[in-house]
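Here is a brisk report on one predicted model. Read it with the structure open.

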Amino acid sequence: MLIRKLFKFENAHIVRDCTTQRCSENIHGHSYKIEVLLESNYLDAGQMVYDFGLTKRVIKELIDSFDHAITLWSKDDTKYVEAMKTYSNRWVELPVSPSAEQFSRVIYLMVERVLACTDMQNGEREVKLHSIIVHETDTGYAQGFKEDAHSELMGTIKLEDIVFSPQVQKEWSDSALWEKLLNHIHIKNPKKV
Ligand SMILES: Nc1nc2c(c(=O)[nH]1)N=C([C@H](O)[C@H](O)COP(=O)(O)OP(=O)(O)OP(=O)(O)O)CN2
């Protein structure tokens with residue numbers, strides 16, 4: 001059984017070296033729609049794969065890190081990266097360029113870590129991340145699966161290399177959230193939301 005939950009954010013970027021000139025040479029924004037697809041062969045005590053309400057905690061908060069933020073590629077021109085960090089409080093720096101494809105791989109790895117660190121409380125069993133769909137526009141999307149997220153052919157992405165700005169971290173309900181996830185510290189689901 002597959003379930004999907006939709007999240008949204010507004011984000012700016014430049015995707016260097018792509019064929020579309022407007023995209024590779026200009027800061028521009030998108031109203032992103034992110035679909036998180038979860039799967040299981042089992043149902044929990046509420047006869048659900050995973051209560052949608054539970055996805056609106058850590059998963060939503062992490063995805064929302066990109067909202068009203070600029071996403072930077074750590075290998076972009078240092079002057080550009082530093083200027084963006086100076087003049088914008090909310091930024092996320094990635095070890096990969098922020099194409100829809102790389103967004104789907106990055107968000108896959110982030111949500112996968114959240115699930116691995118979640119202690120289930122309502123009989124949920126073997127809830128796996130099926131894929132992440134990143135709608136960059138109304139007409140174009142990328143869908144990343146486990147093999148894409150971990151693909152050496154596409155370049156290994158280490159979670160440790162994803163950097164959230166101090167302002168983004170400050171706005172989380174727990175400013176140490178990312179640090180905890182990087183250190184595999186478990187988070188107990190609430191019994192009720
Ligand atoms: N495979 C990809 N192709 C493109 C990406 C991407 O991430 N992956 N990104 C872009 C640009 O960010 C661009 O802003 C979006 O391109 P496009 O779909 O062409 O956007 P339009 O709004 O112009 O598309 P319409 O067809 O007019 O809706 C480029 N390519």
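The protein has a mean pLDDT of 98, and 100% of its residues reach 70 or more. Here pLDDT is the predictor's confidence in each residue, from 0 to 100. For the complex, the predictor gives an ipTM of 0.95 and a pTM of 0.98. Where pLDDT is low, predicted coordinates should not be read in detail. This is a predicted model: local features need pLDDT of at least 70, side-chain atom pairs count only at pLDDT 80 or more, and totals for chains, interfaces and linings use all residues. Residues are numbered from 1 along each chain as its sequence is written.

**The sheet**

Helices (H or I, at least four residues) and strands (E, at least two) are DSSP runs, numbered from the N terminus. Two strands pair if DSSP finds at least two bridges between them. Seven strands form an open sheet with mixed pairing, in the order 7-6-2-1-3-4-8. Its edge strands are strand 7 (141-145) and strand 8 (163-164), and each pairs on one side only.

| Strands | Sense | Bridges | Example pair |
|---|---|---|---|
| Strand 1 and strand 2 | antiparallel | 12 bridges | Ala12 and Gly29 |
| Strand 2 and strand 6 | antiparallel | seven bridges | Glu39 and Lys128 |
| Strand 3 and strand 4 | parallel | four bridges | Thr71 and Val92 |

From strand 3 the chain crosses through helix 4 (residues 78-87) to strand 4, and this β-α-β crossover is right-handed. The term means that, with the strands pointing away from the viewer, the path from the first strand over the helix to the second runs clockwise.

A residue is buried if 20 or more other C-beta atoms lie within 10 Å of its own, exposed if 12 or fewer, and partly exposed in between; C-beta atoms are placed from the backbone. Strand 3 is mostly covered, with five of its five residues buried. In a regular strand the side chains alternate between the two faces of the sheet. Both faces of strand 3 are covered. Ala69, Thr71 and Trp73 are buried on one side, and Ile70 and Leu72 on the other.

**The ligand shell**

Which residues surround the ligand? They are Val15, Cys18, Thr20, Cys23, His28, Ser99, Ala100, Glu101, Glu136, Thr137, Thr139 and Gly140. Each has its C-beta atom, placed from the backbone, within 6 Å of the ligand. By class, this shell holds four nonpolar, six polar and two charged residues. Ala, Val, Leu, Ile, Met, Phe, Trp, Tyr, Cys and Pro count as nonpolar; Asp, Glu, Lys and Arg count as charged; the others, Gly among them, count as polar.

**Loop residues**

His68 sits in the loop between helix 3 (58-63) and strand 3 (69-73). Its phi is positive, about 50°, although His68 is not a glycine. His68 counts as partly exposed because it has 14 C-beta neighbours inside 10 Å.

Glu126 also has a positive phi, about 45°, and is not a glycine. Its loop lies between strand 5 (118-119) and strand 6 (128-135). With 10 C-beta neighbours inside 10 Å, Glu126 counts as exposed.

Is Gln47 buried or exposed? Gln47 has 7 other C-beta atoms within 10 Å, so it is exposed. Gln47 belongs to the loop between strand 2 (28-39) and helix 2 (52-55). Its C-alpha atom is separated by 9.4 Å from that of Gly123, 76 residues apart along the chain.

Trp172 lies in the loop between helix 7 (166-171) and helix 8 (177-182). Trp172 is partly exposed because 16 other C-beta atoms lie within 10 Å. Not counting residues up to four places away in sequence, Trp172 touches Glu61 and Leu177. Contact here means that the C-beta atoms, placed from the backbone, lie within 7 Å. The C-alpha atoms of Trp172 and Arg16 are separated by 30 Å, and these residues are 156 apart along the chain.

Technical notes. Contact = placed C-beta atoms within 7 Å.
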